[in-house]
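Q: I have not seen this one before. Please walk me through it in short steps.

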Amino acid sequence: MRTALLRRGARAAAVTALAVAGALGGMANADASAGARHHHGPKPIDIGIDTSGIHAQDDARGGLRTFRVHTDDVNGRQLQLLRPHHGVTLKKIFADLTKAVSRMPVPTAQGITALRDEADAPGGAFVTRNVSESFTTRVKPGRLVLLDFSAFLKDPAHPVFRVMHLHDGNQGSLRTDHRATVVTRETPAGPRFDVRGLHEAKDPILFHNAADELHEMQLQPVTPGTTDAQLQAYFDKIAAGKPATAPFTGPALGLGAVSPGGTVLLRAHHLPPGTYALLCFIPDDKNGVPHAFLGMHKVVVLH
């Protein structure tokens with residue numbers, strides 16, 4: 001199951017520090033004062049997502065932008081941004097995404113690999129009625145697809161989406177102290193979260209994907225005292241078709257899919273303190289297994 005990850009692990013681990021330094025330097029080149037956390041640039045783009053659809057403006061400027069996402073859906077909602085490459089149709093995007101969520105190993109791996117190569121994934125948001133989110137990311141001019149991924153998982157044949165047209169814009173600068181950082185990277189044991197300084201529920205999280213696959217960072221509440229060993233045991237039982245009691249105590253929050261090399265600043269507004277599991281359920285691009293089942297989870301306690 002982990003053959004592909006083992007093959008890539010040593011190389012990815014060796015370049016992680018350099019990749020992170022370059023990415024953070026590029027996004028935070030105006031970080032002159034420690035503790036400054038404000039994105040100085042265009043007005044944030046507000047996006048509402050619920051059972052009636054996606055509510056947002058039709059066009060905006062590209063570059064470094066902040067997206068504020070909220071929902072009134074009692075069950076919560078997931079928004080995913082996708083920026084198709086030149087010449088790639090939405091029909092192709094949705095066809096490959098359908099394969100990626102098929103839960104059949106070969107089509108799933110094929111679909112997620114194709115999606116990685118034909119579109120940028122600049123992030124997304126898992127939101128609930130009580131917890132809205134904003135995330136700051138860099139997006140290129142062109143078509144930006146706002147996809148209701150919650151609806152897509154239920155009915156891939158009828159995607160709920162909105163296209164926003166992005167024009168040339170000021171690149172801007174991201175100012176942050178980077179106190180809480182999460183880096184995704186490949187290791188000999190499989191894909192992993194490298195978490196540093198994440199202790200407070202109110203702190204923004206700087207996320208960087210230093211791997212060569214798509215990764216997300218779900219932030220899901222779990223029973224206090226839950227360990228990563230217990231999470232792995234749960235996933236192992238599920239994979240073996242055995243009954244297992246889920247440790248999760250609430251809906252997922254956090255950040256949607258981010259392309260390799262991508263860096264995003266996430267703010268979860270009104271996130272309750274507690275014990276959370278960082279999770280990535282995006283399937284592996286070689287075997288189609290969700291990364292969380294391969295050990296990509298990290299339990300954190302937020303005060």
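**Salt bridges and ring pairs**

Q: D194 first: buried or exposed?
A: D194 is buried, because its relative accessible area is 16%. Buried means under 20%, exposed over 50%, partly exposed in between (1.4 Å probe, protein chains only).

Q: Before we go on, what kind of model is it?
A: It is predicted: local features need pLDDT of at least 70, side-chain atom pairs count only at pLDDT 80 or more, and totals for chains, interfaces and linings use all residues. Residues are numbered from 1 along each chain as its sequence is written, and side-chain values use heavy atoms, without hydrogens or water.

Q: Back to D194. Which side chain does D194 meet in a salt bridge?
A: R185 does that, with 3.8 Å from N to O. A salt bridge here has a side-chain nitrogen of Lys or Arg within 4 Å of a carboxyl oxygen of Asp or Glu.

Q: And why does R185 count as partly exposed?
A: R185 has 24% relative accessibility, so it counts as partly exposed.

Q: How many salt bridges does the structure hold?
A: It holds 12. One of them joins the side chains of K202 and D203, at 3.5 Å from N to O.

Q: What about exposure there? Start with K202.
A: K202 counts as exposed, at 61% relative accessibility. D203 is buried, with a relative accessible area of 6%.

Q: Which residue does K92 form a salt bridge with?
A: K92 pairs with D96, and their closest N and O atoms are 3.2 Å apart.

Q: Where do K92 and D96 lie?
A: Both are in helix α2, four residues apart, about one turn of the helix. Helices are DSSP runs (H or I, at least four residues), numbered from the N terminus.

Q: How exposed are the two ends?
A: K92 counts as partly exposed, at 40% relative accessibility. D96 is buried, with a relative accessible area of 4%.

Q: Which residues are linked in a network of salt bridges?
A: R116, D117, D285 and K286 are linked that way.

Q: New topic: rings. How many aromatic pairs does a search find?
A: A search of the whole structure finds eight. Rings of Phe, Tyr and Trp (its six-membered ring) pair if their centres lie within 6.5 Å; planes under 30 degrees apart are stacked, over 60 edge-to-face, the rest tilted.

Q: Take F94 and F152. Why is the pair tilted?
A: The planes of F94 and F152 are at 35°, so the pair is tilted. The ring centres are 6.3 Å apart.

Q: Which parts of the chain does that pair link?
A: It links distant parts. F94 is in helix α2 (residues 90-100), F152 is in helix α4 (residues 149-154), and 58 residues separate the two positions.

Q: F94 and F152: buried or exposed?
A: F94 counts as buried, at 9% relative accessibility. F152 is buried too, with a relative accessible area of 0%.

Q: What does F149 form with F152?
A: F149 and F152 form a stacked aromatic pair, 6.1 Å centre to centre, with 15° between the planes. Both lie in helix α4, three residues apart, about one turn of the helix. F149 is buried, and so is F152.

Q: Last one. Which residues form one aromatic cluster?
A: Y234, F235, F248, F281 and F293 form it.
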